[in-house]
Amino acid sequence: QRWAQSAPDVDLSGSWTLIADDAFKKEYDTYLSDLGFNRITRGVACSLISRTTEITKQSNNGRELYLKGTNPKGAWERTLIASGFPDFETKSNQTDYSHMKASIKSAESEDVEAEAWWECRGTKHRSMLCGGKKGNFESLRYVDDSGDVLVCESILHPKDSSKKKARVTWRFQ
């Protein structure tokens, strides 16, 4: 189910630094390869990826999630607005709701349509950025069971159906 709000005890807010261990760098290299980057570019990116940080600010009962990702390439700021049903303000018999979409800039400065919602009873935040040149970009964010690590599972669904999905799991502490 798609919820507009997070569970009351869920807050993804924080200032996070990427856990860039060897296992992540190997996964990230595969992700970049699946995106079509050559070995030299991937090598440079993997050597710099440990400088990645993310600031998250959740507000309005989780309806808004501000994100600022920073790496050596630059910074990417956006606010995702969650919509869905049921949420804590919608009557259970209401059927005339719609999912909100907003125009934002992608990390590559492309104009895309963003859609976001909460899943798993408001514990996981999913977003879709649709309309990019390479395809649609999906992210699932949540705090792991320890409560100390922000996880972001990222998937690029390529426009070209002959290409496979590119996946990487980011872990921040």
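Author: A salt bridge is a side-chain nitrogen of Lys or Arg within 4 Å of a carboxyl oxygen of Asp or Glu. The model shown above is predicted, so local features need pLDDT of at least 70 and side-chain atom pairs pLDDT 80 or more, while totals for chains, interfaces and linings use all residues. Residues are numbered from 1 along each chain as its sequence is written, and side-chain values use heavy atoms, without hydrogens or water.

Reader: How far apart are the closest N and O atoms of Glu 119 and Arg 126?

Author: Glu 119 is buried (under 20% relative accessible area; exposed is over 50%, partly exposed in between; 1.4 Å probe, protein chains only), because its relative accessibility is 17%. Arg 126 also counts as buried, at 17%. The two form a salt bridge, and the distance between their closest N and O atoms is 2.7 Å.

Reader: How many salt bridges are there in the whole structure, and which residue does Arg 2 meet in one?

Author: A search of the whole structure gives nine salt bridges. In one of them, N to O is 2.6 Å, and the side chain of Arg 2 meets that of Glu 115. The pair links distant parts of the chain, 113 residues apart, with Arg 2 in the segment before strand 1 and its partner in strand 6 (residues 111-119).

Reader: Which residue forms a salt bridge with Arg 171, and is Arg 171 buried or partly exposed?

Author: The closest N and O atoms of Arg 171 and Asp 144 are 3.6 Å apart. Arg 171 lies in strand 10 and Asp 144 in the loop between strand 8 and strand 9 (150-158), 27 residues apart. At 18% relative accessibility Asp 144 is buried. The relative accessible area of Arg 171 is 35%, so the partner is Asp 144 and Arg 171 itself is partly exposed.

Reader: How far apart are the end C-alpha atoms of helix 1?

Author: Helices (H or I, at least four residues) and strands (E, at least two) are DSSP runs, numbered from the N terminus. The expected span of a helix is 1.5 Å times one less than its number of residues. Helix 1 (residues 22-34) has 13 residues, so it should span 18 Å; this agrees with the end-to-end distance in the model, 19 Å.

Reader: Which residues of helix 1 are buried?

Author: An α-helix has 3.6 residues a turn, so residues three or four places apart point the same way. The buried ones, which pack against helix 2 (39-48), strand 8 (135-143) and strand 10 (166-172) through contacts (heavy atoms within 4.5 Å), are Phe 24, Tyr 28, Tyr 31 and Leu 32.

Reader: What are the edge strands of the open sheet of four strands?

Author: Two strands pair if DSSP finds at least two bridges between them. This sheet has the order 1-2-3-4, with antiparallel pairing. Each edge strand pairs on one side only, and the two are strand 1 (14-17) and strand 4 (74-81).

Reader: What is the bridge partner of Leu 65 in strand 4?

Author: Strand 3 (residues 64-71) pairs with strand 4 in the antiparallel sense, over eight bridges. The partner of Leu 65 in strand 4 is Leu 80.
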